[in-house]
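Please look over the strand pairing and the ligand site in this model.

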Amino acid sequence: MQTSLPLTLDRSARVPLHLQLAEQFRAAVRDGRLQAGHRLPSTRELAKELAVSRSVAQAAYDQLHAEGWIAGRTGSGTYVADVVPLPPAPRQRARPAEDTRPALLTLRPGIPYIHPQVDPGWRRAWREVSAQAPPRGYEDPAGLAELRSALAEHIGRVRGIACGPENLLITNGTVHGLRLLLTANSRPGERIAIEDPGYLNAVTAAQDHGLEVVDVPVDADGLRVSTLGDDLSAVYVTPSHQYPLGGRLPVARRNELVRWARRTGATLIEDDYDSEFRYDVAPLPALAQLDLDRVVHLGTLSKMLSPALRLGWLVAAAPVIDRLTALREASADWPAWPMQAALLAMLRDGYLDQVVRRSRRLYADRRNHTCTVLSPYGQIIGQDAGLHITLLLPDHVDDRAVAAQARAAGVAIAPLSDYRRSIPGPPGLVIGYATPTTPDFHKALKILTRVLRT
Ligand SMILES: Cc1ncc(COP(=O)(O)O)c(C=O)c1O
């Protein structure tokens, strides 16, 4: 009996002959060329027709039989099984590609400078990780105990928060920590205050959890605490360097904020994204230092080392950490062991402190230069800390149009309007000075000043 199918075998291919045969049968059933009940040739006939050994034909039939494509018993022949073909699933359309032309110079905020040469300290950390055998189990969902101890010491020293490993959870960064906290602590319909202008990823996270986002105004000192209503369950705040305007929340407002939270029972979520970089005085102690029962502190490695590491930490009262750890255990969602082990090595070795010290020197120079070059074009604010400044432009200027012109001239830049939600304010540009190489930084600033001049 003939198969009546054009079967072809490629003897030079790496796919074994019996699997090639099986796939051609499958395709024929899928597209209807072989119908249910159709009798197939015996393995002897098939082998002869294709000039292959009988064991090849037998192996192909065994495979198809095991998968349910064919049926039949020895002696009564082999038939195509009753498989109703499944029409192919419609392909989801891909998102239109973003304009991320690599030739563009960037003055967008958020990404630190990465030295093109690989540091010995970085190498040492990974060598140390690779010298260890992998752990035998899942490890602690809160994060490696030794890492939490080392981080607690680091955070106590650089951020003034008295905490121990029981107050720490290792995260994949700020947003990861925030989302975990919202999953554990919030209920849909609750109200959360977020600075406006502010960090849009926090807004999206809150909305994804069904929270109502209340826009809170900020001024030169940061969040305007006096505007907070009593019906909020949480406030998301960037006290050490308001994002993106750069205000530093003064101690009177910090105390007022904590007093307000104690009275209303709301949780204060402190996003401490770039506090390591201050250029006038030492970094201010964290808000969490005032009351760890009311403040959840989110720290990140994204601005110190690289956002690609996806590592951060959440500091909170021990019962909060216990609740989050239990939630994590159920969702199996915590940073991978090599990343945590590498961070531990970098902390012990002093590498992290060294990178921060070196970056601070570079950023201080760059911020001075940025302020000097751009001051003729508007008012510069937020320059005392962080990796960006904000240039406020005259009221009649369309900052998105300026950003589009800069982009057309080869420089990516963030218009302040992109950070605003419902509270109006002056236009401006949020200018990150950390990311580019030094020649690119100067080139980008030159292009930007040309655009601003026109
Ligand atoms: C205000 C603010 N918080 C936090 C982060 C860092 O987020 P992550 O730690 O998730 O990388 C950024 C990064 O741009 C930021 O702008």
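The questions below take up a sheet and then the ligand.

This is a predicted model: local features need pLDDT of at least 70, side-chain atom pairs count only at pLDDT 80 or more, and totals for chains, interfaces and linings use all residues. Residues are numbered from 1 along each chain as its sequence is written, and side-chain values use heavy atoms, with hydrogens and water left out.

Q: In what order do the 4 strands of the open sheet lie?
A: Strands here are DSSP runs of E with at least two residues, numbered from the N terminus. Two strands pair if DSSP finds at least two bridges between them. The pairing is antiparallel, and the order is E13-E14-E17-E16.

Q: Which strands stand at the edges of the sheet?
A: An edge strand has a single partner strand, so one side of it is left without a neighbour in the sheet. That describes E13 (379-381) and E16.

Q: Which residue in E14 stands opposite isoleucine 380?
A: E13 and E14 are antiparallel, with 3 bridges between them. Opposite isoleucine 380 stands leucine 391.

Q: What is the bridge partner of leucine 392 in E17?
A: Strand E14 (residues 388-392) runs antiparallel to E17, joined by 5 bridges. The partner of leucine 392 is glycine 428.

Q: Which residue in E17 does proline 415 stand opposite?
A: Strand E16 (residues 414-415) pairs with E17 over 2 bridges, in the antiparallel sense. Proline 415 faces leucine 429.

Q: Which residues of E17 point the other way from Gly428, Val430 and Gly432?
A: In a regular strand the side chains alternate between the two faces of the sheet. Strand E17 (residues 428-432) has 5 of its 5 residues buried (under 20% relative accessible area, 1.4 Å probe, protein chains only). Gly428, Val430 and Gly432 point one way; the other way point Leu429 and Ile431.

Q: How far is an oxygen atom of the ligand from an N or O atom in the side chain of threonine 174?
A: Residues around the ligand have a heavy atom within 4 Å of it; among them are Thr174, Val175 and Arg310. A backbone N or O atom of valine 175 lies 3.3 Å from a ligand oxygen. For a side-chain N or O atom of arginine 310 the distance is 3.0 Å. For the side chain of threonine 174 it is 2.8 Å.

Q: How much of the ligand's area does the protein bury?
A: Areas come from the Shrake-Rupley method with a 1.4 Å probe. Taken alone, the ligand exposes 400 Å². The protein buries 90% of that.

Conventions
Buried means under 20% relative accessible area, exposed over 50%, partly exposed in between (1.4 Å probe, protein chains only). A polar contact is a pair of N or O atoms within 3.5 Å; within protein, one must be able to donate a hydrogen and the other to accept it, and residues adjacent in sequence count only if both atoms are side-chain atoms.
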